[in-house]
Amino acid sequence: MKVFAAILAAGKGSRFGADKTQITLGERPLWRWSYDVFASHPRIGGVGLMGSDENLAALQSVDAMFVAKGRASRQETSAMACGLVPDEFDAILIHDAARPFVTHRLIDSVIDAIERTGAAAPALEVNDTLRRKTEQGLELVQRAGVVAMQTPQGALRDVLLKAHKIASALATDEVGLIEQLGHPYELVHGDPTNVKITQPEDLHLAHGIIRDVETRTGFGYDIHPFSTEPSRKLMLGGACFKGEPGLEGHSDADVLIHAVVDAMLGAAALGDIGQHFPNTEPKWHGEPSTTFLTHAAALLQSAGWKVVNADATIIAEAPKIMPRAEEIRSNLATAIGVGIDRVSVKATTNERLGSLGRAEGIAAQ
């Protein structure tokens with residue numbers, strides 16, 4: 001199923017007092033947080049943005065499939081977004097840009113439910129005591145069965161388009177439209193951190209969430225034999241070792257960079273180097289491995305991750321690596337986007353044991 005995600009950032013922020021989607025949160029505007037998550041999700045085939053007069057120019061700074069000005073109401077903006085989605089997509093997710101902490105896991109849950117039922121949305125059970133203001137005072141609301149709705153909400157493309165077309169009453173979310181259509185939908189368990197920034201004080205909660213940083217560690221390994229082609233250059237960490245035999249491989253066979261790329265992708269659960277740059281693809285033949293490294297760094301950034309440090313070891317009988325260590329560290333640091341003081345490169349031999357000890361190739365961890 002091919003899925004499209006439309007992010008709504010066209011609200012006026014009347015309760016907030018300003019266009020909240022442009023407020024900076026952790027060095028990124030609020031709308032960019034959810035955009036980056038959807039754009040990096042492997043099951044999302046396209047992302048569109050609906051904006052306002054105030055933020056339209058900012059939204060056009062990313063490579064979205066479309067950026068358009070929204071309408072007066074959320075429902076009208078959602079309908080317009082659905083109409084802009086290309087016919088090739090099977091399902092549409094609608095997400096509020098004011099929810100910056102949507103996760104890949106929650107998106108997967110909604111997509112899985114759409115595949116089962118045709119429409120879905122995340123929701124959380126309400127734990128607080130609820131009271132309704134009336135002219136007589138406060139009236140207790142029974143919270144049994146009451147849930148708080150979240151986004152992304154979505155459905156099969158044809159279902160959502162039809163729901164918008166026949167809507168006879170104003171709906172505040174896509175589930176409201178689906179209910180009017182009479183189509184079944186499924187509620188999946190929401191995420192407590194998928195908060196909506198509505199009031200200025202909500203920003204304090206958001207800043208608290210981003211300070212609660214999750215740290216992951218990835219491990220990468222690569223090994224290449226020496227090539228018999230005299231024209232092959234030996235590349236290690238983006239540095240060329242002239243006069244040394246090159247390594248066999250589809251690209252430039254830089255084992256050190258390949259290992260670092262796999263460690264980065266592995267930490268963020270974004271696959272491996274073979275998935276992103278298969279050796280069956282002619283365009284990667286002879287490609288500098290620094291291309292792979294900068295791509296991996298961009299993928300991590302899009303998914304909301306940032307490299308803290310990299311520690312790598314080259315295993316080779318020859319050549320001598322450490323005289324070039326500073327150059328290699330600088331190459332890696334530049335491509336990854338960190339300071340050189342956060343990159344460590346070490347070298348060791350295999351003590352003449354095995355294929356590496358017989359100088360048949362080079363490995364890196």
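Modeller: The crossing of helix 8 and helix 11 is right-handed; a crossing is right-handed if the near helix is turned clockwise from the far one by less than a right angle, and left-handed if anticlockwise. Helices (H or I, at least four residues) and strands (E, at least two) are DSSP runs, numbered from the N terminus. This is a predicted model, in which local features need pLDDT of at least 70, side-chain atom pairs count only at pLDDT 80 or more, and totals for chains, interfaces and linings use all residues. Residues are numbered from 1 along each chain as its sequence is written, and side-chain values use heavy atoms, with hydrogens and water left out.

Biologist: What describes two packed helices?
Modeller: The angle between their axes and the distance between the axes. Axes are lines fitted to C-alpha atoms, for helices over the stretch in contact, and angles run from 0 to 180 degrees between N-to-C directions. For helix 8 (residues 255–267) and helix 11, the axes cross at roughly 35° and come within 12 Å.

Biologist: Which residues make that contact?
Modeller: Contact means heavy atoms within 4.5 Å. Helix 8 contributes Leu-256, Ile-257, Val-260 and Met-264, and helix 11 contributes Ile-328, Leu-332 and Ile-336. By class there are 7 nonpolar, no polar and no charged residues (nonpolar: Ala, Val, Leu, Ile, Met, Phe, Trp, Tyr, Cys and Pro; charged: Asp, Glu, Lys and Arg; polar: the others, Gly among them).

Biologist: How does helix 10 pack against helix 11?
Modeller: Helix 10 (289–302) and helix 11 (325–336) have axes 8 Å apart, at an angle of about 40°. Helix 10 is therefore oblique to helix 11; under 35 degrees counts as roughly parallel, over 145 as roughly antiparallel, 65 to 115 as roughly perpendicular and the rest as oblique. Leu-293, Thr-294 and Ala-297 of helix 10 meet Leu-332, Ala-335 and Ile-336 of helix 11. These residues divide into 5 nonpolar, 1 polar and no charged.

Biologist: And helix 5 with helix 6: at what angle do the axes cross?
Modeller: Roughly 80°, with the axes of helix 5 (residues 157–166) and helix 6 coming within 9 Å, so helix 5 is roughly perpendicular to helix 6. The contact has 7 nonpolar, 2 polar and 2 charged residues.

Biologist: Which elements each supply at least two residues of the lining of the largest cavity?
Modeller: Strand 7 (119–125), strand 11 (153–156) and helix 6 (174–181). The lining has 6 nonpolar, 2 polar and 1 charged residues.
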